[in-house]
Amino acid sequence: MKRRNFLFIAVLGAALYFALFGGEYGLLELRALDRQRRREALRLEELRHEVAGLRARADSLASDSATLERIARERYGLIKDGERLYRFVQDTSLTPSDPDSTTTRP
């Protein structure tokens, strides 16, 4: 009787251990898969947000001439007839490590 109870408890313990930690879908593996699923869900939400922004920008570029004009002016320096373009260039002879870089030169 004692031996039978011990054998029953041993088999039950082994079955419980195998159910939790053994096999392809053990407890540790399921937890890791759940963490991975959460990370992927967050990444998917970020990508959906990015796609929505890109679609809005594409729509703006396709239908709004003011947006196209702004981009042409800012990025490519295009101007309309009769306008003058002024470009301000930073003086590269002054370096941030130069102590006199904050003063103006005569």
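T67 counts as buried because its relative accessibility is 11%, where buried means under 20% relative accessible area, exposed means over 50%, and partly exposed is in between, with a 1.4 Å probe and protein chains only. T67 lies in helix α3, helices being DSSP runs of H or I with at least four residues, numbered from the N terminus.

Before I go on, this is a predicted model, in which local features need pLDDT of at least 70 and side-chain atom pairs count only at pLDDT 80 or more, while totals for chains, interfaces and linings use all residues. Residues are numbered from 1 along each chain as its sequence is written, and side-chain values use heavy atoms, with hydrogens and water left out.

As for confidence, pLDDT is the predictor's confidence in each residue, from 0 to 100; the protein chain averages 84, and 88% of the residues score at least 70. Confidence is lowest in helix α1, residues 2-21, at a mean of 84, and highest in helix α2, residues 27-63, at 94.

Returning to T67, once its neighbours within four places in sequence are set aside, this residue is in contact with S60 and L61, contact meaning heavy atoms within 4.5 Å.

E69 is also found in helix α3, which covers residues 65-76, but E69 counts as partly exposed because its relative accessibility is 33%. E69 and I79 are 10 residues apart in sequence, and their C-alpha atoms are 9.2 Å apart in space.

Lastly, L20 lies in helix α1, and L20 counts as partly exposed because its relative accessibility is 34%.

Methods: Helix = DSSP H or I, 4+ residues; strand = E, 2+ residues; numbered from the N terminus.
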